[in-house]
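Look over the chain and its sequence before reading on. The walk-through below goes from the whole chain to single residues.

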Amino acid sequence: MDVNKIITLCGKDWAKVGTEFIFLGGKQECENCRLKNICLRLREGAKYKIVGLRNGDVHECPLHDEGVVAVEVVELPIMALIDSKIAVEGAKIRFEKRCDNLNCELYNLCNPLELKDGDSVVVKAIVGSPPIPCPKGYSLKIVELERE
């Protein structure tokens with residue numbers, strides 16, 4: 001786990017071990033900041049979890065009223081539904097969103113926020129079958145994906 005830790009900065013008010021977030025990227029206020037290389041080292045659109053706190057020094061930040069502190073994060077695997085034919089551990093695939101039915105119970109698994117069409121991912125694990133059959137009749141498996 002130590003190998004995958006990334007040191008970055010986050011708002012002091014939400015810097016707690018266990019906090020999960022999706023990194024949305026930098027803002028215009030970040031362009032001239034001397035700390036931007038630490039803050040912006042995360043992958044835009046990826047989901048992270050804070051697994052450790054660093055020394056606690058608070059740094060000024062134009063986006064966070066309470067300032068920012070150093071934290072250790074890990075990128076979380078992406079849970080998704082994919083076609084069962086390509087759900088093979090270790091397989092490298094291009095992710096494809098296949099459904100636009102916002103009312104479907106499976107929509108969020110079929111369309112994880114962390115991925116766009118065409119993203120290269122690796123199937124890290126097969127979790128199992130979806131909780132309900134796909135209303136469109138697709139044969140799907142829940143998998144844990146990791147960006148390539």
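Among contacts in the chain between residues at least 6 apart in sequence, what percentage join residues at least 24 apart? The figure is 69%. Keep in mind that this is a predicted model.

Start with the overall layout. The chain has two helices and eight strands. Read along the sequence, they follow the pattern β-β-α-β-β-β-β-α-β-β. The C-alpha trace spans about 55 × 30 × 25 Å along its principal axes. The chain holds 148 residues, and 36% of them are buried. Its exposed surface comes to about 9300 Å². Carbon and sulfur atoms supply 47% of that surface.

Four strands form an open sheet, and their order is 5-8-7-6. The pairing is antiparallel. Strand 5 (78-83) and strand 6 (92-94) stand at the edges. Each has a single partner strand, so one side of each is left without a neighbour in the sheet. Neighbouring strands here are turned against each other by 55 degrees on average, direction ignored.

Look next at one pairing within this sheet. Strand 5 and strand 8 (residues 140-147) run antiparallel, and six bridges join them. Aspartate 83 has its bridge partner in strand 8, namely leucine 140.

Is isoleucine 6 buried, partly exposed or exposed? Its relative accessibility is 24%, so it counts as partly exposed. Which residues does isoleucine 6 touch, leaving aside neighbours within four places in sequence? Its contacts are Arg41, Leu42, Tyr48, Val71, Glu72 and Val73. Proline 77 is 71 residues from isoleucine 6 along the chain, and the two C-alpha atoms are separated by 15 Å.

One of those contacts, Tyr48, leads on to the aromatic residues. A pair of aromatic rings is described by the distance of the centres and the angle of the planes. A search of the whole structure finds two aromatic pairs. Trp14, Phe21 and Tyr48 form one aromatic cluster.

Take cysteine 30. The nearest cysteine sulfur belongs to cysteine 61 and is 6.5 Å away. A disulfide needs sulfur atoms within 2.5 Å, so cysteine 30 is in no disulfide. Cysteine 30 is also buried, with a relative accessible area of 15%.

For cysteine 104, the nearest cysteine sulfur is that of cysteine 99, 5.5 Å away. Cysteine 104 is in no disulfide. At 13% relative accessibility, cysteine 104 counts as buried.

Notes. Residues are numbered from 1 along each chain as its sequence is written. This is a predicted model: local features need pLDDT of at least 70, side-chain atom pairs count only at pLDDT 80 or more; totals for chains, interfaces and linings use all residues. Side-chain values use heavy atoms; hydrogens and water are left out. Two strands pair if DSSP finds at least two bridges between them. Axes are lines fitted to C-alpha atoms, for helices over the stretch in contact, and angles run from 0 to 180 degrees between N-to-C directions. Buried means under 20% relative accessible area, exposed over 50%, partly exposed in between (1.4 Å probe, protein chains only). Contact means heavy atoms within 4.5 Å. Accessible areas come from the Shrake-Rupley method with a 1.4 Å probe; for residues, only the protein chains shown count as cover. Rings of Phe, Tyr and Trp (its six-membered ring) pair if their centres lie within 6.5 Å; planes under 30 degrees apart count as stacked, over 60 as edge-to-face and the rest as tilted.
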